[in-house]
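Good morning, and thank you for coming. Please look at the sequence and the model on the screen while I speak.

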Amino acid sequence: MKTIKEIFNLELPQKDIEIRGWIKTFRGSKEYSFAEINDGSLRKSLQIIFDNKNENLSVFFEKLNTGVSVKIVGDLVESPNRANQKCELQAKQIEICGECSPEKYPIQKKRASDEFLRTVAHLRPRTNKYASMLRIRAELSFAIHNYFRNNGFFYVHTPIITTSDCEGAGQMFSVSAFDMDNLPLNKDGKVDFSKDIFSQKTALTVSGQLEGEALALALGKIYTFGPTFRAENSNTYRHCSEIWMIEPEMAFYDLKEDMELAQDFVKSITKHVIEHCADDLDLFAKFVDKSLLETLKNVVENKYEHIAYGDAIKLLEKENDKFENKISWGADLGSEHERFLVERYFKKPAILYNKPKEAAAFYMKLNDDGRTVRGMDLLVPRIGELIGGSERENRLEVLEQRMGDFKINKEDYWWYLDLRRFGSVPHSGFGLGFERMMMLITGITNIRDVTAFPRVPGYAEF
Ligand code: 4AD
Ligand code: MG
């Protein structure tokens with residue numbers, strides 16, 4: 001059995017080819033009837049021709065509604081109208097696998113809104129747009145693995161259930177085997193986690209970084225590619241509660257090398273998708289974002305601007321009248337500031353480095369100025385922050401001091417501190433949000449539409 005993608009590559013003519021898929025459209029005319037069938041293997045559908053005189057076929061016509069699943073056997077011939085497609089199938093046999101009522105099927109030919117399609121996320125992959133998105137998602141995943149494999153990185157698997165809060169922001173989903181209606185309490189009336197399944201309090205990971213560091217300090221260059229979870233109640237176009245993150249970690253890399261890698265990585269995977277998903281990208285360039293190909297060219301071809309946080313603040317302060325939230329030294333940039341820098345000021349991606357220590361995570365290496373840390377964010381048009389990363393604090397005393405500043409319990413991180421006790425080396429890494437990368441590549445403006453079943457505050461259907 002061949003997919004439509006494979007069928008399009010066959011030499012013509014071919015006898016008795018079977019195709020299986022879903023009817024996109026069906027229309028009759030006097031002597032012949034026509035159907036477009038798609039099987040998900042590529043954006044294009046295959047045209048099927050039915051001879052109306054053949055009663056073995058015409059008995060099925062009234063059931064060939066949009067969405068019906070079929071098996072059709074026929075002869076593959078050169079299409080008379082080669083401009084549209086190279087071949088078509090002259091049907092000889094039809095078998096209906098699953099009927100589909102035109103009155104009830106929510107995915108009709110006319111274009112539905114993104115908001116509506118989110119409520120039927122189990123069916124929206126059958127639309128052209130979401131099928132293209134999902135094929136690009138698959139190819140982008142492959143591009144990421146391919147990039148790291150070609151550059152000497154090992155793919156590692158870090159835990160999803162964890163006891164450490166990597167970003168120290170307390171935005172974690174608890175994991176417990178307790179019966180929530182009957183929680184065991186200790187003498188102080190607090191929940192007694194020593195009675196829980198792991199004998200301690202656990203949560204879903206926000207990042208694989210801390211465990212990734214342990215593995216990089218053994219294997220040299222590693223990366224993770226897995227689900228991470230954020231319990232922050234942010235209802236924005238670029239925040240999701242469940243995201244896939246790619247986190248490379250490299251022993252002996254300093255911040256500058258980390259920034260170089262981040263730039264090379266983003267360019268390389270973007271280029272891969274441009275080269276391998278032309279047909280699916282074309283849909284987004286036509287119907288979603290007319291400037292998409294230009295943006296992608298910008299991402300692939302330009303050298304990214306490097307700008308120190310302090311310089312960015314000076315520059316942004318002059319534009320404060322343009323912003324909803326005024327910016328000043330010490331604050332984290334919001335999406336409006338990030339987007340101003342890359343969309344209107346530099347007009348290309350930029351890497352912001354040396355953040356103030358207050359706006360940074362505890363593990364970022366303190367600079368000699370005592371005010372800033374070796375952290376960086378890679379910013380891109382339309383999204384803002386695509387990557388967050390840093391050189392890690394590799395000096396035991398300084399790290400302990402920083403954990404103290406953040407009121408982090410050192411005993412809980414004994415193993416993380418051990419990495420600084422035994423053969424500590426400078427090391428760096430970053431995290432790329434896979435869904436944000438998908439937004440960049442497709443031009444889709446809402447993170448809810450770049451993943452099949454989004455998890456966002458207030459919504460976890462499916
Ligand atoms: O900047 P973040 O929080 O950095 C870390 O988690 C580090 N531990 C990474 C590292 O150095 N290994 O997250 C990294 C990236 C962000 O730049 C963003 O692209 C994405 O993950 N991200 C989110 N994407 C969508 N929704 C959210 N709630 C996200 N939180 C982070
Ligand atoms: Mg960040």
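In this predicted model, helix α4 passes helix α7 in a left-handed crossing. Helix α4 covers residues 128-150, and helix α7 covers residues 278-287. To describe two packed helices, one gives the angle between their axes and the distance between the axes. For α4 and α7, the axes come within 9 Å and cross at roughly 130°. Because of that angle, α4 is oblique to α7.

Which residues of α4 and α7 meet? From α4 come Asn-128, Lys-129, Ser-132, Met-133, Arg-135 and Ile-136, and from α7 come Asp-280, Leu-281, Leu-283 and Phe-284. Sorted by class, the residues in this contact of α4 with α7 are five nonpolar, two polar and three charged.

Let us turn to another helix pair. Helix α5, residues 209-219, packs with helix α12, residues 414-421, at an angle of about 30°. The axes of α5 and α12 are 10 Å apart. Angles under 35 degrees count as roughly parallel, and therefore α5 is roughly parallel to α12. The crossing of α5 and α12 is left-handed. On the α5 side, the contact is made by Gln-209, Leu-210, Glu-211, Glu-213, Ala-214 and Leu-217; on the α12 side, by Trp-415, Tyr-416, Leu-419 and Arg-420. In this contact of α5 with α12, six residues are nonpolar, one is polar and three are charged.

Gln-209 brings us to the ligand. How many residues are around ligand 1, and which come nearest? There are 25 residues around ligand 1, and the nearest are Glu-167, Gln-209, Glu-247, Glu-385 and Leu-386.

An N or O atom in the side chain of Ser-207 is 3.0 Å from a nitrogen atom of ligand 1. For Arg-436, an N or O atom of the side chain is 3.4 Å from a nitrogen atom of ligand 1. With Gly-433, it is a backbone N or O atom that lies 3.3 Å from an oxygen atom of the ligand.

Finally, I turn to the backbone. Most residues other than glycine have a negative phi, and most peptide bonds are trans. Leu-12 and Pro-13, however, are joined by a cis peptide bond, with omega about -5°. Pro-13 is in the loop between α1 and β1. Asp-16, in strand β1, has a positive phi, near 50°.

Conventions: Residues are numbered from 1 along each chain as its sequence is written. Chains are lettered from A and ligands numbered from 1 in the order in which they are written. This is a predicted model: local features need pLDDT of at least 70, side-chain atom pairs count only at pLDDT 80 or more; totals for chains, interfaces and linings use all residues. Side-chain values use heavy atoms; hydrogens and water are left out. Axes are lines fitted to C-alpha atoms, for helices over the stretch in contact, and angles run from 0 to 180 degrees between N-to-C directions. Helices (H or I, at least four residues) and strands (E, at least two) are DSSP runs, numbered from the N terminus. Angles under 35 degrees count as roughly parallel, over 145 as roughly antiparallel, 65 to 115 as roughly perpendicular and the rest as oblique. A crossing is left-handed if the near helix is turned anticlockwise from the far one by less than a right angle, and right-handed if clockwise. Contact means heavy atoms within 4.5 Å. Ala, Val, Leu, Ile, Met, Phe, Trp, Tyr, Cys and Pro count as nonpolar, Asp, Glu, Lys and Arg as charged, and the others, Gly among them, as polar. A residue is near a molecule or strand if one of its heavy atoms lies within 4 Å of it. A polar contact is a pair of N or O atoms within 3.5 Å; within protein, one must be able to donate a hydrogen and the other to accept it, and residues adjacent in sequence count only if both atoms are side-chain atoms.
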